[in-house]
Amino acid sequence: MTDFKSEFMQLFAERGYLHQCTDPEALDKAFADEIVTAYIGFDCTAKSLHAGSLTQIMILHHLQQCGHKPIVLMGGGTTKVGDPTGRDESRPLISDETIQENMNGIKKVFEKFLTFGDGPTDAIMVNNADWLDKLEYIPFLREYGPHFSINRMLAFDSVKLRLEREESMSFLEFNYMILQAYDFVELKKKYNCSLQIGGSDQWGNIVNGVELGRRTNGFSLYGLTSPLLTTASGAKMGKTAGGAVWLNADMLSPYDYWQFWRNTEDADVGKFLRLFTEIPMDEIRRLEKLEGAELNAAKKILADACTSMAHGRDAADAAAETARQTFEMGQTAEGLPTLTIPRAELEAGIPAATLFHRAGLAASSSEARKLIKGGGARLNDERIEDEKAILGVNDLAADGRLKLSAGKKRHYLIQPV
């Protein structure tokens, strides 16, 4: 069903978010008739989310803009277990202190995309550790265990693929889908939350929650998923050769974030404008038809819009101006991301490959050497010829810094201190 009546479901389908829904007609009617409370869960495995989570964040943003209530569920409890979905091996267990530290970093992202408060459509953020940490094992098993079939759980992709590859899955991980289902029931009881949204790889876990709510409490719950996103070349969204595209400015500069979107593949421009911006659909349809140099203008519009949402309008404007000076005027702009290093290190000499890796211009020193060998590495706008080159104080530019470049679009300043 794609002929939706509600504003949110129309937007969800038109912008390319729609993949699966447990009961499209009933959910569409709920969105048309009432304020729907919906949640998406985010585990706390790093200090920031990256661009791979941006689809789900934008869904919550649009949900609120359409007059509904978003819940951001922090996985303070489930992070201790580890989601096995899409993984060949167990996630390393992390301490409570690290989980809390990661959660504090992740919270900063949502303040840019959602309005939090006590109003009927204001977003709230909750932590599933608040109820999962208090569970008593035997009472929990007796109340909820009978509603889960081992036969069915073994058929879910997150389990089946691991077993087919003869990769070990611990009993700890096997419990993840039960805890996620229980989260949904708790959120319904506490906040009248009736919808869980996630990526398509979460479909089995979401359906478990819908069914658990019906069996244990007679709840009418809904599940909605979006497609898993890759770039046109097949790369995983949110990952680059230089590492993850973090959403927090202290882990990736607004300039580098702007550049990530500016470097979008031609075939992805329309899709990314739909998924990651608020630009009206008529304008998106116009922009995605552009070709050649005109399409580059559309990429700048994409970069401006995405950076504005994540870092603010001023940061987006500054990044765009830095790029203009660097690429269109051939200047070393002050806004380029900068890595500071002890001057003593530079006086002793640092391998160029090491410095490219430390600046995030290559995923490893070996990748940096390949970059140099292939002619894609530059120092102060001059090509580096020797993959074993050692950089020192004699290589500093007139302004006392080194400018490293990987290709034509990725630059970093090295500032000795």
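The legends below describe an overall view and several close-ups of a predicted model.

**View 1. Overall fold of the chain.** The chain contains 19 helices and 15 strands, and its C-alpha trace spans about 75 × 50 × 40 Å along the principal axes. Because a compact globule of 417 residues would have a radius of gyration near 22 Å, the value of 24 Å for the chain agrees with that expectation. Buried residues account for 51% of the 417 residues, and of the contacts between residues at least 6 apart in sequence, 73% join residues at least 24 apart.

**View 2. The largest nonpolar core.** This core has 73 residues, among which Phe 110, Trp 261 and Phe 276 touch the most other members. Helix α15, covering residues 293–311, contributes the largest share of the core, with eight residues. A second, separate core holds 30 residues, including Ile 71, Phe 148, Ile 178 and Ala 181.

**View 3. Surroundings of Trp 261.** When neighbours within four places in sequence are left aside, Trp 261 is in contact with Ala 51, Leu 54, Met 237, Phe 272, Phe 276, Lys 299, Leu 302, Ala 303 and Cys 306.

**View 4. A five-stranded open sheet.** The strands of this sheet follow the order β9-β15-β14-β11-β12, and their pairing is mixed. Strands β9 (338–341) and β12 (382–383) form the edges, each pairing on one side only.

**View 5. The pairing of β11 with β12.** Strand β11, residues 377–379, runs antiparallel to β12 and is joined to β12 by two bridges. The bridge partner of Arg 378 is Arg 383 in β12.

Note on methods: Residues are numbered from 1 along each chain as its sequence is written. This is a predicted model: local features need pLDDT of at least 70, side-chain atom pairs count only at pLDDT 80 or more; totals for chains, interfaces and linings use all residues. Side-chain values use heavy atoms; hydrogens and water are left out. A nonpolar core is a set of buried Ala, Val, Leu, Ile, Met, Phe, Trp, Tyr and Cys residues joined through side-chain atoms within 4.5 Å. Buried means under 20% relative accessible area, exposed over 50%, partly exposed in between (1.4 Å probe, protein chains only). Helices (H or I, at least four residues) and strands (E, at least two) are DSSP runs, numbered from the N terminus. Contact means heavy atoms within 4.5 Å. Two strands pair if DSSP finds at least two bridges between them. The radius of gyration is taken over C-alpha atoms; the globule rule is 2.2 Å times the number of residues to the power 0.38.
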